[in-house]
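This report describes the fold of one protein chain, beginning with a single pair of residues and ending with the chain as a whole.

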Amino acid sequence: MPSLQEILDRQVAEAAPELTEQLDRNRTRCLACGHRCPIAEGQSGVCKVRFNRGGKLYAPWGYVGGVQCDPIEKKPFFHVSSGALAYSFGMLGCDLHCSYCQNWVTSQALRENVPGIRPISTSPEQLVDEALRQGARVLVSTYNEPLITAEWAAAVFLLAKAAGLMTGFVSNGNATPQVLEFLSPVLDLYKVDLKSFDEQHYHSLGGRLQPILDSIRRIHQMGLWLEIVTLVIPGFNDSEGELSALAEFIASVSPDIPWHVTAFHKDYRMTDPEDTTPEMLLRAAEIGKRAGLRYVYAGNQPSRVGDLENTRCPSCHALLVERLGYLIRGYHLTAEGRCPSCSLQIPGRWDSAFRGQIAAFPFAPQYR
Ligand code: SF4
């Protein structure tokens with residue numbers, strides 16, 4: 001019985017030249033994420049899914065670890081086609097190793113040798129066809145870190161865009177300028193999980209803060225639609241100083257970037273901190289508003305965070321999009337995405353009208 005690593009080592013294609021730098025002695029440097037691993041022949045990078053064989057870099061190809069139909073509000077994108085269905089796929093592996101990962105079964109499948117996890121072979125055509133059949137309007141690479149499988153995402157997204165779908169990444173943001181350039185022709189939406197504003201904290205998760213901050217600036221400059229999420233973890237990243245600095249950074253990029261503060265629950269290896277309470281989220285959201293952010297949301301605690309699930313006009317406070325969890329309960333933006341009361345243009349990728357909601361909860365697609 002082949003191991004998962006052996007199976008995945010066969011589900012590959014040569015990496016994109018844009019994401020590869022040839023080094024001396026048959027080594028290659030991978031440019032798909034901020035680690036920029038120099039990889040000797042026969043070795044793999046930190047993510048364990050990209051490797052050097054015979055002096056060539058190989059990248060994952062031709063499979064998914066899982067698919068799911070999610071309301072777009074779950075990703076979360078709150079300023080994009082409210083109520084749309086987001087057909088979501090992931091591969092396997094990650095470049096970080098967060099001890100609280102809520103997708104660890106797929107993201108850490110190789111490090112943890114999770115039993116029963118196997119790739120499901122598929123093609124870009126099949127994924128796009130299935131997304132259309134389900135009525136999705138967005139196709140999203142998520143559940144593992146999509147940067148490390150950028151070539152596969154780009155192939156899927158190329159077809160998706162030709163079919164009229166929007167495309168998105170749910171990512172830790174540990175990107176490089178090269179991978180963002182590579183993706184930008186086929187990518188519309190980018191959610192970054194900004195986990196902390198402390199270098200030591202990022203170090204404990206296996207990453208560095210600066211490449212992520214640089215990527216956030218770059219993603220915004222490139223004109224992709226950007227929303228940022230911070231999972232508020234008691235005792236880890238929820239100090240006044242850290243949350244203030246983080247929110248001030250986002251506001252310095254643009255006060256119009258939506259910031260979602262979401263609730264932690266014990267998972268994977270992080271079982272010490274208490275679960276995040278609604279009061280903790282309200283406090284974090286207040287810090288965000290004080291920093292000048294105009295659109296701050298609180299997640300994972302439906303109906304327990306007051307008005308923080310809704311979108312309000314930052315100028316006249318009119319209610320624009322009313323939510324309960326992932327359910328859209330009211331939609332009042334104009335066809336141009338303006339506040340109906342004071343006509344302020346609300347940033348986002350809005351539809352000309354609310355087009356209904358296929359599902360307010362995630363579901364697994366039923367295959368024919
Ligand atoms: S994706 Fe990141 S972790 Fe993986 S090989 Fe490339 S640079 Fe290294």
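In this predicted model, Val232 lies opposite Ala263, a residue of strand 15. From strand 14 the chain passes through helix 9 (residues 240-253) into strand 15, a β-α-β crossover that is right-handed. Strand 14 and strand 15 (residues 259-263) are parallel partners joined by five bridges.

Strand 14 also pairs with strand 13 (residues 189-193), again in the parallel sense and over five bridges. Here Tyr190 is found opposite Leu226 of strand 14.

How many residues of strand 14 are buried? Eight of the eight residues (225-232) are, so the strand is largely enclosed by the rest of the structure. Buried is taken as under 20% relative accessible area. In a regular strand, side chains alternate between the two faces of the sheet. Trp225, Glu227, Val229 and Leu231 point one way from strand 14, while Leu226, Ile228, Thr230 and Val232 point the other way, and all are buried. Among these buried residues are Glu227 and Thr230.

Strand 3 (residues 28-30) runs antiparallel to strand 4, and two bridges join them. Thr28 has Ile39 of strand 4 as its bridge partner.

| Strand pair | Sense | Bridges |
|---|---|---|
| Strand 3 and strand 4 | antiparallel | two |
| Strand 13 and strand 14 | parallel | five |
| Strand 14 and strand 15 | parallel | five |

The chain as a whole contains 10 helices and 19 strands. Its C-alpha atoms fill a box of roughly 65 × 45 × 35 Å along the principal axes. A compact globule of 368 residues would have a radius of gyration near 21 Å, and the 20 Å of this chain agrees with that.

Of the 368 residues, 58% are buried. The accessible surface of the chain is about 14,800 Å², and carbon and sulfur atoms account for 50% of this area. Of the contacts between residues at least 6 apart in sequence, 67% join residues at least 24 apart.

Methods: Residues are numbered from 1 along each chain as its sequence is written. This is a predicted model: local features need pLDDT of at least 70, side-chain atom pairs count only at pLDDT 80 or more; totals for chains, interfaces and linings use all residues. Side-chain values use heavy atoms; hydrogens and water are left out. Two strands pair if DSSP finds at least two bridges between them. Helices (H or I, at least four residues) and strands (E, at least two) are DSSP runs, numbered from the N terminus. Buried means under 20% relative accessible area, exposed over 50%, partly exposed in between (1.4 Å probe, protein chains only). A crossover is right-handed if, with the strands pointing away from the viewer, the path from the first strand over the helix to the second runs clockwise. The radius of gyration is taken over C-alpha atoms; the globule rule is 2.2 Å times the number of residues to the power 0.38. Contact means heavy atoms within 4.5 Å. Accessible areas come from the Shrake-Rupley method with a 1.4 Å probe; for residues, only the protein chains shown count as cover.
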